[in-house]
Structure formats: C-alpha cells, structure tokens
Amino acid sequence: MTKPNHHIFADGQLRRDEDTLRIDTVDDEIQYLQIENLDAIYLHGQIDFNTRSVGLLNDHGVTMHIFGWNDVYQGSYVPKRTHISGETIVKQVRAYDTHQRRMKIARSILSAAIHNMRANTRYYNRRGYDFDATIERLTEQQEVLGDEDNINSLRGVEATARKAYYRCFDKILKDPFKLSKREYNPPTNEANALVSFLNSMVYTACVSAIRKTALDPTVGFIHEPGERRFTLSLDIADIFKPILADRIIFRVVNRQQVSTNDFESNLDGCLLTEDGRMTVLKEYEQMLDQTVDHPRLNRKVSYKTLIQTDVYSLKKHILTGEEYHATERWW
C-alpha cells in the first residue's frame, strides 16, 4: 500500500523532535507527524523550517512540496536518492539527444495525453452532451502526431488538442463556473483557478514519483530542459492531468462541493480560499488512493501507483528499449 501525503495549512514552524516532525503553529497548537508513514509533505501555510527538520525528511526519503503566498507552487525539496545510477542518467541524456528516440518518447506521452482528454469527453458524450465534433478533432490530432518530426510541431498538435478539449469545460461545468479560455499566471476566474491548482498538484505527484527512480527529473522529452524546472515531471503530468485534475474539477463543481464563495479575487487574480483548497485536496487525496484493475500487472493499483508505474516503464524503455507504456485510461 502506498504511503499517504500530508498537507499543512497552518502558519508556524516545522522542526525535528527526536525522530518525529513537530509543527508549532502561530495559534500555539502542536502537531506531531510520524515521518516513516508519509510519502510527501505539502506546505500550504507560511512555515519556517531548519536543517534538522530537512535532515529528518532526507533520512526517510520524504519529499516536501512548498507553496508560497496564495498557495502558488514555489518548489520542492527532493531528498537524496536511494536509487542512483550514472548509467541511467547517461542513457536518459542520450535518448533526449537522439532525435528519433526523443520523438518516439514524446509522441507516446502526447498520444496518451490526448487519449485521456478524449476519454473524458466520451464519458460526457454518453451522458447527453454533444461532443462528437470534439472527439473527432482529438482523434485527428492524435493521428497527426505520427506525421510530425520535430518537437515544436508536436507541441503545436498537443496545444490544438487541448484548446478543443478545454472548450468542452463550459458545457460540463455547472453555472456559474466558466473556463472561457485557459488563463494562468494568474488565473482569472474560478474554473481557471481550479485547473491551475490541481495541475500543480499533479506535477508535484510526478516529482515525487520520479524521485523514486534513477531518472533525472530535469531532462524531459517534450519540455526543454532549463533552469529551475523539473521538465520530465512536466512531461509525465501532461498524461495525468485529464485523469486526475480535470475529473476532480468536474466532480467538485457539479456536485456543488465548491462554490464561488470558495474563491477570492484580488490584484493577483482568482484563487481558492483555504477552505476551498482543503475541500479540493480531500477529493484529490481520495482519488490518489482509489484503485483500478491493471491489465498488464493483473492486480489492483492506486492512481498514485499508476504514476509510479508510468515512470518505471519509461525508465525501462530508456535502459533496455522495452516498449514504453504511457498511461492511457482504459477504465
């Protein structure tokens, strides 16, 4: 069974108390966390921490994801790896630097991403929505991937597919939620705020999954390697955004688990309130723990394990040439 994540919303100090993490909040409350039972920690409040607390995270291999003012993702503390392989990194860079291999991996990732967008639209199409044209458009874009021979063209195909897919949101989401168009940095309305927040959560889940392998998270195949970004995490996140982020958005809005009262607008755009974030994160964590029957593994696996399995499949492909199974929703 996979270990859970823990989200901290309080403001205060995170410190080590022997072999336990201790949180001293500004409201004079004390919380203790059994570090050996955690997969990752998410800091949503204004939290101070020191080298001793980071050392404990490192000892237990727990990743810490840090969100700054207004819960905008700032970065991650990734502990030292238990899986270290110079051979893996060399082969990963060679795969990136070999045009044919890079294109093959990129096509697999984007094909899975478009497949998962189409799976969502098909779900709602069967429930009385008229998304036939969008489904056809997504199918066309998936087929076009095989005709493109450079990364920028592949990105263009994916952007066209995602634009068509996002146009369905206004029909799926109950009023008054409207995406209108995808806008971020900052998000301009409630639907965009949900997309941005949950996309960042999926990204951090991919950061945690990649850390458990010997792959280098900074060497992606679709997103160009650069400073201050885990581009491989961005790649893998594209696969799982429709599976995780978008399905949660449809659920919390249409079941009226969130309302416009769970958002606040200011000069920095539209953002979830703390209560809104807690509601959304509860659904997110529950979905991560949900299981599906895996046809290749012949057993039930959680959504969190699906991400890990995807990364392991990519690693095996890079090392041995075995087919990479980018996750396409089958259930």
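Glutamate 18 is exposed, at 65% relative accessibility, where exposed means over 50% relative accessible area, buried under 20% and partly exposed in between (1.4 Å probe, protein chains only). This residue lies in the loop between strand 2 and strand 3, and its phi is near 60°, a positive value in a residue other than glycine. The structure is a predicted model, in which local features need pLDDT of at least 70 and side-chain atom pairs count only at pLDDT 80 or more, while totals for chains, interfaces and linings use all residues. Residues are numbered from 1 along each chain as its sequence is written, and side-chain values use heavy atoms, with hydrogens and water left out. Helices (H or I, at least four residues) and strands (E, at least two) are DSSP runs, numbered from the N terminus.

- Four strands form an open sheet in the order 4-3-2-6, and their pairing is mixed; two strands pair if DSSP finds at least two bridges between them.
- Strand 4 (30-33) and strand 6 (47-49) are the edge strands, and each has a single partner strand, so one side of each is left without a neighbour in the sheet.
- On average, neighbouring strands of this sheet are turned by 25° against each other, direction ignored.
- Strand 3 (residues 20-25) and strand 4 run antiparallel and are joined by 4 bridges.
- Opposite isoleucine 23 stands glutamine 31 in strand 4.
- Helix 1 (residues 51-60) packs on the sheet and touches strand 2 (12-17), strand 3 and strand 6; contact means heavy atoms within 4.5 Å.
- The direction of helix 1 makes about 60° with that of strand 2; axes are lines fitted to C-alpha atoms, for helices over the stretch in contact, and angles run from 0 to 180 degrees between N-to-C directions.

**Helix 2 and helix 3**

- Two packed helices are described by the angle between their axes and the distance between the axes.
- The axes of helix 2 (residues 86-97) and helix 3 (residues 99-125) come within 5 Å and cross at roughly 90°.
- Helix 2 and helix 3 are therefore roughly perpendicular to each other; angles of 65 to 115 degrees count as roughly perpendicular, under 35 as roughly parallel, over 145 as roughly antiparallel and the rest as oblique.
- On the helix 2 side, Lys91, Ala95, Tyr96 and Asp97 meet His99, Arg101, Arg102 and Ile105 of helix 3.
- Glycine 86, in helix 2, is partly exposed at a relative accessible area of 49%.
- A distance of 46 Å separates the C-alpha atoms of glycine 86 and tyrosine 124, which are 38 residues apart along the chain.

**Helix 8 and helix 10**

- The axes of helix 8 and helix 10 come within 11 Å, crossing at roughly 150°.
- That angle makes helix 8 roughly antiparallel to helix 10.
- The crossing of these two helices is right-handed, a term used if the near helix is turned clockwise from the far one by less than a right angle, with anticlockwise being left-handed.
- Helix 8 contributes Leu232, Ile236, Ile239, Phe240, Ile243, Leu244 and Arg247 to the contact, and helix 10 contributes Tyr303, Leu306, Ile307, Asp310, Val311 and Leu314.

**Helix 9 and valine 280**

- Helix 9 (residues 274-289) has 16 residues and reaches 23 Å from its first C-alpha to its last, close to the 22 Å expected at 1.5 Å a residue; the expected span is 1.5 Å times one less than the number of residues.
- The buried residues of helix 9 include Gly276, Arg277, Leu281, Glu283 and Tyr284.
- Among the elements covering the buried residues of helix 9 are strand 1 (5-8), helix 7 (190-211), helix 8 (231-254) and helix 10 (303-320).
- Valine 280, also in helix 9, is buried, with a relative accessible area of 0%.
- Leaving aside neighbours within four places in sequence, valine 280 is in contact with Leu194, Phe197, Leu198, Ile248, Val258 and Leu272.
- Valine 280 and isoleucine 249 are 31 residues apart in sequence and 8.3 Å apart in space, C-alpha to C-alpha.

**Backbone features in loops**

- The peptide bond from aspartate 175 to proline 176 is cis, with omega near 10°, and proline 176 lies in the loop between helix 6 (169-172) and helix 7.
- A cis peptide bond with omega near 0° leads from asparagine 185 to proline 186, and proline 186 is found in the loop between helix 6 and helix 7.
- Glutamine 256 has a phi near 60°, a positive value in a residue other than glycine.
- Glutamine 256 is placed in the loop between helix 8 and strand 9 (263-266) and is exposed, with a relative accessible area of 65%.
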